[in-house]
Amino acid sequence: MRIGLLGTGPWAGMAHAPALQDHPDLDFVGVWGRRVEAAEELAERHGVRAYAEVDALLAEVDAVAVALPPAVQADLAVRAARAGCHLLLDKPVATTVERARAVAEAARAAEVASVVFFTSRFVPEVEAWIAEQAAAGGWFTARAQWLGAVFTGDSPFATPWRREKGALWDVGPHALSVLLPVLGDVRRVAAAVPGPGDTTQLVLDHEGGASSSLTLSLTAPPAATGSGVELRGTSGVTSLPDTPFEAVAALKRAADALLAATTTGEPHACDATFGTRVTEILAASEHLLSQHPR
């Protein structure tokens, strides 16, 4: 499958481009970016073509991987789907419900496959744990924490969109991608309150009857960073495996999932429709947060 890359930032350079180039079943065709010079530099590094016009790239590939801020990603994903390109998207799909739904609808209308790169879902040990807990059922409550210190030091991820939207939109999708397949969809966001810095605390009511609490932050003290999920129910207590994460390997597995969806016609669990549902939950949380100014 011929695939192009939209985006030239740190995530594109350290994860997307190497994954696309190394995947045995992908033909990495080229790169488009909002800055031509950056696209040329990344393309040269990987021996592919830099495209000055996005439509020129879309016309020459079967699929695109997107490594762009969510507000930019959504409009380009719609454009790519309408051009007949399968979609390997980053999370969140968008930062508004309207734009996320537009992506999912464009993919459905064009009958193209989509996979959203919720990173944890493409780590084999994590995916196996999720499947095991979903099969076990009987969960009473869950607690999830995703704590980072992105805005200290010289992190390449201290980007403008993360400063604007904060932990809710950046790491909230990670937590939801683990909780939803185990506990079921969210019936309502019962509470959303701010904490220190950009920290957000959520309480969710799930269709399966369980509740979950989430603590999300990009401004945690460096010594307090980390992520984890704990479930409690009739089977006892279990925790998400603490498994090392390797971005390129996980992205290659996401590409495997996209290839499988294009071959079988069966949507992946993390497709644009699931990504849209995550966006709807985040938007509802953001609305509640707006009632509690920091």
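Welcome to a predicted model, in which local features need pLDDT of at least 70 and side-chain atom pairs count only at pLDDT 80 or more, while totals for chains, interfaces and linings use all residues. Residues are numbered from 1 along each chain as its sequence is written, and side-chain values use heavy atoms, with hydrogens and water left out.

**Helix α10**
- Helix α10 covers residues 272–289 and spans 25 Å from its first C-alpha to its last, close to the 26 Å expected at 1.5 Å a residue, where the expected span is 1.5 Å times one less than the number of residues.
- Helices here are DSSP runs of H or I with at least four residues, strands are E runs with at least two, and both are numbered from the N terminus.
- Among the buried residues of α10 are F274, V278, I281 and L282; buried means under 20% relative accessible area (1.4 Å probe, protein chains only).
- The cover over these buried residues includes α5, α7, α8, β6, β8 and β9.

**Packing with α5**
- The axes of α5 and α10 lie 9 Å apart at an angle of about 170°; axes are lines fitted to C-alpha atoms over the stretch in contact, with angles from 0 to 180 degrees between N-to-C directions.
- The two helices, α5 and α10, are therefore roughly antiparallel, a label for angles over 145 degrees.
- Residues of α5 that meet α10 include V97, A100 and V103, with contact meaning heavy atoms within 4.5 Å.

- β9 is largely enclosed by the rest of the structure, because five of its seven residues are buried.
- β8 and β9 pair in the antiparallel sense over seven bridges (pairing needs at least two DSSP bridges), and V189 stands opposite L204 in β9.
- β9 also pairs with β10 in the antiparallel sense, over six bridges, and V203 has S213 in β10 as its bridge partner.
- In the hairpin of β9 and β10, G209 in the turn has a positive phi of about 100°.

**D198 in the loop**
- D198 is in the loop between β8 and β9 and is buried, with a relative accessible area of 12%.
- A polar atom of the D198 side chain lies 3.0 Å from the backbone nitrogen of L218.
- Beyond residues up to four places away in sequence, D198 touches residues including G166, L216 and R294.

Conventions:
Buried means under 20% relative accessible area, exposed over 50%, partly exposed in between (1.4 Å probe, protein chains only). A polar contact is a pair of N or O atoms within 3.5 Å; within protein, one must be able to donate a hydrogen and the other to accept it, and residues adjacent in sequence count only if both atoms are side-chain atoms. Angles under 35 degrees count as roughly parallel, over 145 as roughly antiparallel, 65 to 115 as roughly perpendicular and the rest as oblique.
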